[in-house]
Amino acid sequence: MNRGKVNSVIDLYMTDRRGFLKAASALGLGVAMTPVFGRSSEAAATLSYFGWNGYEIPELHTAYTKAYGGEPTATFFSDEEEALQKVRAGFNPDVIHPCVNTVRRFKDAGLIKPLDTKQIAGWDNIFPQFLSVKDVKEEDGYYIMPFDWGTSSVIYRPDLVDIKEESWTIFLDDRYKGKMAFLDSPDNIAAVAGLLSGAKNPMDMNDAEMAKAGDILRHMNANMRFYWTDNTELEQSLASGEVVAAWGWGQSVNNLKKQGVNIKMMNPKEGIMTWICGLTSTVKGKCSDKERYDFMSAMLAPESGKYLIEQYGYGHANQESFKVASAESVALLGFKDPNDFLKTGNFFTAVEPAKREKIQAMWATIKAGG
């Protein structure tokens with residue numbers, strides 16, 4: 001592997017997760033990562049990690065590297081649908097790193113098993129708000145260890161937008177028609193439409209609520225300049241003023257602020273959207289449960305969270321991480337107290353398959369002008 005290429009891709013990851021995945025794919029990354037530390041015990045690293053590119057680095061699991069004398073084998077996916085289908089087809093990693101809203105699909109397919117949380121060091125320090133989120137805990141236990149989290153909201157140019165209060169209704173403001181953008185995802189835009197249409201639970205709308213959300217979606221669609229799939233594309237459009245408001249992530253706010261762009265992330269009156277991703281244990285993986293839990297414990301350690309917060313700009317599931325991370329890095333996430341902040345969020349959870357199909361069909365029709 002060309003070390004120079006790897007460094008350039010990791011640098012790209014820090015500013016653009018989706019761009020990183022595309023670049024990594026173009027460079028042919030995604031197979032095994034070779035050990036980079038000397039052996040410090042009799043144990044040998046055998047774990048196979050399947051997840052987002054950039055999360056396999058030793059800084060995020062230093063205790064595991066020390067204990068097992070090397071790195072896990074890492075294979076990457078660009079989205080969770082790809083991951084699900086690959087494991088269904090026979091690929092058998094030990095640990096998978098999906099987000100909460102897709103965990104149930106892995107569970108229902110019989111691919112992952114409940115966790116023995118007593119074997120995960122730091123479990124009791126996970127934000128309690130995460131442990132009560134639908135699809136994190138099932139009747140027969142926990143199927144995912146929350147690890148990384150973040151927010152999705154409106155990022156906007158306060159010098160180019162005139163608003164009286166922060167609200168998702170900005171996407172319905174015809175003054176900015178043709179100057180707004182949204183992630184190309186029916187699940188995400190439908191959740192916002194559900195919030196705006198008054199749905200009791202935007203992640204579980206009934207037919208009547210979905211119909212109201214459809215009317216909102218048509219209005220939102222008419223106001224969009226484009227739908228983005230690449231953070232770089234979004235950030236460039238905001239920096240130039242081509243787009244004045246868009247759905248985005250905190251990392252883009254950090255990147256644009258570093259460029260000197262006047263940018264802000266909303267905390268809408270209807271509530272911000274919060275996502276959680278984490279680690280799951282597969283049914284057919286080959287390494288021992290002990291090694292899996294040692295890896296999870298290392299990922300959940302405060303020092304791993306400190307690195308995640310400071311270098312990637314994402315939240316960590318361990319509350320203790322926020323005590324050791326720099327105050328400046330925590331502030332860039334958009335809050336002072338994560339516990340208070342999490343009380344006001346709308347968590348992404350799984351949409352029932354039949355309802356998700358209806359949303360996707362409705363969105364396809366609306367995008368096509370129907």
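Reader: What angle do helix 9 and helix 10 cross at?

Author: This is a predicted model, and in it the axes of helix 9 (residues 231-240) and helix 10 (residues 250-258) cross at roughly 50°. Those axes come within 10 Å. That angle makes helix 9 oblique to helix 10.

Reader: OK, and is the crossing left-handed or right-handed?

Author: Right-handed, for helix 9 passing helix 10.

Reader: Which residues in helix 9 and helix 10 meet?

Author: On the helix 9 side you've got Asn231, Leu234, Glu235, Leu238 and Ala239. They meet Ser252, Asn255 and Leu256 in helix 10. By class, that contact of helix 9 with helix 10 has four nonpolar, three polar and one charged residues.

Reader: Switching topic: how many disulfides does the structure hold?

Author: There's one disulfide in the structure. The partners are Cys99 and Cys277, with 1.8 Å from S to S. The pair links distant parts of the chain, 178 residues apart. Cys99 is in the loop between strand 3 (95-96) and helix 5 (100-108), while Cys277 belongs to strand 12 (residues 273-282).

Reader: Why is the disulfide of Cys99 and Cys277 right-handed?

Author: Because the torsion about the S-S bond of Cys99 and Cys277 is about 60°.

Reader: You mentioned helix 5. At what angle does helix 4 pack with helix 5?

Author: Helix 4 (residues 80-88) and helix 5 pack at about 15°, and their axes are 11 Å apart. So helix 4 and helix 5 are roughly parallel to each other. The crossing of helix 4 and helix 5 is right-handed.

Reader: And which residues of helix 4 and helix 5 make the contact?

Author: Helix 4 brings Glu80, Glu81, Ala83 and Leu84, and helix 5 brings Thr102, Arg105 and Phe106. Sorted by class, the contact of helix 4 with helix 5 has three nonpolar, one polar and three charged residues.

Reader: Now helix 7 and helix 8. How do their axes cross?

Author: At roughly 115°, with the axes of helix 7 (residues 186-196) and helix 8 (residues 207-223) coming within 8 Å. That makes helix 7 roughly perpendicular to helix 8. Helix 7 passes helix 8 in a right-handed crossing.

Reader: What classes of residues are in the contact of helix 7 with helix 8?

Author: Nine nonpolar, one polar and no charged residues. Helix 7 gives Ile189, Ala190, Val192, Ala193, Gly194 and Leu196. They meet Ala213, Ile216, Leu217 and Met220 in helix 8.

Reader: One last thing: what pLDDT does the protein chain average?

Author: The average is 87, and 88% of the residues score at least 70. Over residues 1-41, though, the pLDDT is below 50. Beyond near neighbours in sequence, that stretch has 85 contacts in the model.

Note on methods. Residues are numbered from 1 along each chain as its sequence is written. This is a predicted model: local features need pLDDT of at least 70, side-chain atom pairs count only at pLDDT 80 or more; totals for chains, interfaces and linings use all residues. Side-chain values use heavy atoms; hydrogens and water are left out. pLDDT is the predictor's confidence in each residue, from 0 to 100. Contact means heavy atoms within 4.5 Å. Axes are lines fitted to C-alpha atoms, for helices over the stretch in contact, and angles run from 0 to 180 degrees between N-to-C directions. Helices (H or I, at least four residues) and strands (E, at least two) are DSSP runs, numbered from the N terminus. Angles under 35 degrees count as roughly parallel, over 145 as roughly antiparallel, 65 to 115 as roughly perpendicular and the rest as oblique. A crossing is left-handed if the near helix is turned anticlockwise from the far one by less than a right angle, and right-handed if clockwise. Ala, Val, Leu, Ile, Met, Phe, Trp, Tyr, Cys and Pro count as nonpolar, Asp, Glu, Lys and Arg as charged, and the others, Gly among them, as polar. A disulfide is a pair of cysteine sulfur atoms within 2.5 Å.
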